[in-house]
Amino acid sequence: MGRTARRRRQRATCTSLRPMAVGRPCTDLTWTKFRSWCKEQGLPKTRLTLAYFPDTFRGMMATRDIGPGEDVVRIPERLLITASKAKRAMLARAAAGKTTQPDRWDLSEHQSLTYWVYAEAELQARSKWHGYISSLPRDFASIPLFVLSGRSPSGTIDMDSSGCVQWVIAHLPHALRQRVSEQQARLFGDWSLTCSFSAAFGLQPVSNWRLYVWSWLVVSTRCIHLGRQSSSARHTQTTGASCLRDAHSISSQDNITLAPMLDLLNHNEHASISTLFDADSREFVIKTDVPFKAGQEVFISYGPHDNLFLLAEYGFVLGRNPFQHLELDHAADLWVTAAKARMQGLRRVAPACPASIGTLVDMLKQRGLWGDFALLPGDTEPPYRLQSALRLLLAVEQQGIPLKRAVAQWERWRRGEPEGAESGALDLATSNWVRAACQGLLSVSARMLDDTGDMGHKALGGLGDGGPSAFLVHCIHTVWLEINTIAACHCS
């Protein structure tokens with residue numbers, strides 16, 4: 001079962017929003033100033049207000065009932081911050097400073113928006129967008145990348161950094177640690193390109209790494225997609241063509257945007273929304289397909305994501321995520337390495353050699369059958385992708401079947417034809433492999449749950465640098481609890 005089919009299957013089991021607690025309206029000064037700024041900028045009055053909730057901490061609450069098909073929020077075009085607008089703003093600033101205009105713009109949409117956020121944040125109260133910038137989170141302490149990105153520019157995570165960094169690295173599941181490493185490489189690449197570009201044309205310099213990391217995460221966590229590329233693609237409509245009329249207009253080339261007020265809406269995996277750009281009113285509109293009662297938190301959906309993705313990209317997890325699954329990619333990689341070592345020691349008596357395993361893995365990769373090995377909580381047998389890889393590899397490594405015969409037998413299995421006498425033995429070997437992998441994860445997750453649980457919190461105080469945020473520790477604990485629960489289901 002592939003990732004798309006897995007998500008459809010999981011989504012089918014949950015179709016409605018759970019009952020939501022009534023929120024307590026927020027009255028802090030930052031929110032009050034932001035509302036005043038929105039009013040000054042001509043943001044239409046909404047039926048939403050910021051509030052505190054027991055489950056999500058802070059989100060947008062309906063001030064009156066909102067029915068299916070009604071607007072959740074409307075954001076005027078002039079308040080949408082897109083890459084084309086960011087480019088025009090930066091070029092206008094350069095022109096005012098009599099700087100040579102670049103003859104090309106080498107930054108992507110994400111890089112352009114990050115550069116814009118960085119520049120406006122540096123201006124502080126001098127920025128006309130200060131009301132919006134000051135409403136953004138002061139840090140992203142619950143996002144692993146923010147903690148691990150270091151004090152100075154680097155394309156890799158600094159493994160020799162503070163006790164807090166080392167603790168987080170040591171307690172992230174391998175799949176999450178790998179995702180964060182990939183994020184770090186992209187972050188550093190964007191930083192390097194933006195520094196070079198701004199320096200080449202005398203634009204506003206980029207020199208503060210931590211501010212750039214913050215700006216990069218603002219864009220990553222708060223951008224929405226315009227048009228067909230939104231997360232609610234099946235509902236999305238675009239009314240008319242967006243034309244570049246003035247400094248406030250979005251471009252037809254814009255795909256993502258920052259949208260003040262809209263980015264305060266939290267995620268719920270069951271939220272159902274429609275998005276459109278109204279060419280007549282020049283507003284980006286979000287409508288709800290489900291009702292909300294006054295006092296309830298209003299949600300949008302960020303997409304069908306598991307907790308590893310949500311933690312890496314947004315810095316939160318869901319206690320009951322319907323898209324939870326157990327990733328076995330790392331277990332498979334470790335097994336391949338160990339199998340090659342075992343076969344190297346037995347090559348004098350075994351018909352296969354270590355190179356056979358590598359050849360088979362390469363073949364699986366070429367056919368798109370390597371990786372994305374995931375177990376769902378309710379699986380009664382290994383999913384197709386995992387079975388496909390294991391039956392081929394175990395035939396050679398454990399059953400000692402010659403390479404060519406193993407491949408031929410495997411092809412018969414894929415076509416649903418009889419495999420031969422070894423079929424039952426391979427079924428058992430596959431089940432045993434999955435059980436052993438889950439037992440290993442069960443053992444690891446038990447240790448991690450001890451470290452991130454109530455007793456582990458006491459030990460964090462001894463790190464000397466404050467340690468990771470309590471919410472990040474909670475999120476890591478939740479991820480390991482999920483791994484532990486699913487692994488236990490498949491160990492029996």
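Buried here means under 20% relative accessible area, exposed over 50%, and partly exposed in between, with a 1.4 Å probe and protein chains only. By that definition, the buried residues of helix H8 are Leu176, Val180, Gln183, Gln184, Leu187, Asp190, Trp191, Thr194, Cys195, Phe197 and Ser198. The model is predicted: local features need pLDDT of at least 70, side-chain atom pairs count only at pLDDT 80 or more, and totals for chains, interfaces and linings use all residues. Residues are numbered from 1 along each chain as its sequence is written, and side-chain values use heavy atoms, with hydrogens and water left out. Helices (H or I, at least four residues) and strands (E, at least two) are DSSP runs, numbered from the N terminus.

**Helix H8**

- H8 covers residues 174-200, and its 27 residues should span 39 Å at 1.5 Å a residue, which agrees with the 39 Å between its end C-alpha atoms. The expected span is 1.5 Å times one less than the number of residues.
- The buried residues of H8 pack against helices H4 (109-123), H6 (144-148), H9 (209-222) and H10 (307-314). Contact means heavy atoms within 4.5 Å.
- After H8 comes Gly202, with a positive phi near 65°.

**Sheets and strand pairs**

- Strands of a sheet pair through backbone hydrogen bonds, either parallel or antiparallel. Two strands are counted as paired if DSSP finds at least two bridges between them.
- S5 and S8 (residues 256-258) run antiparallel and are joined by two bridges; Thr82 has Thr257 in S8 as its bridge partner.
- Two bridges hold the antiparallel pair of S1 and S2 (residues 48-53), and Pro25 has Ala51 in S2 as its bridge partner.
- Strand S4 (residues 71-76) has five of its six residues buried, so it is largely enclosed by the rest of the structure. S4 pairs antiparallel with S11 (residues 283-288) over five bridges, and Val73 stands opposite Ile286 in S11.

- Arg222 is in helix H9 and counts as buried because its relative accessibility is 12%.
- The side chains of Arg222 and Asp263 make a polar contact of 3.4 Å. A polar contact is a pair of N or O atoms within 3.5 Å; within protein, one must be able to donate a hydrogen and the other to accept it, and residues adjacent in sequence count only if both atoms are side-chain atoms.
- Leaving out residues up to four places away in sequence, Arg222 touches Leu136, Pro137, Thr257, Leu258, Asp263 and Leu264.
- Glu269 lies in the loop between S9 (266-267) and S10 (273-278) and is buried, with a relative accessible area of 5%.
- The side chain of Glu269 makes a 3.4 Å polar contact with the side chain of His270.
- The C-alpha atoms of Glu269 and Arg320 are separated by 9.9 Å, with the two residues 51 apart along the chain.

**Nonpolar core**

- A nonpolar core is a set of buried Ala, Val, Leu, Ile, Met, Phe, Trp, Tyr and Cys residues joined through side-chain atoms within 4.5 Å.
- The largest nonpolar core has 137 residues, of which Met261 and Trp433 touch the most other members.
- Among the residues that Met261 touches, not counting those up to four places away in sequence, are Trp31, Phe34, Val73 and Ile75.
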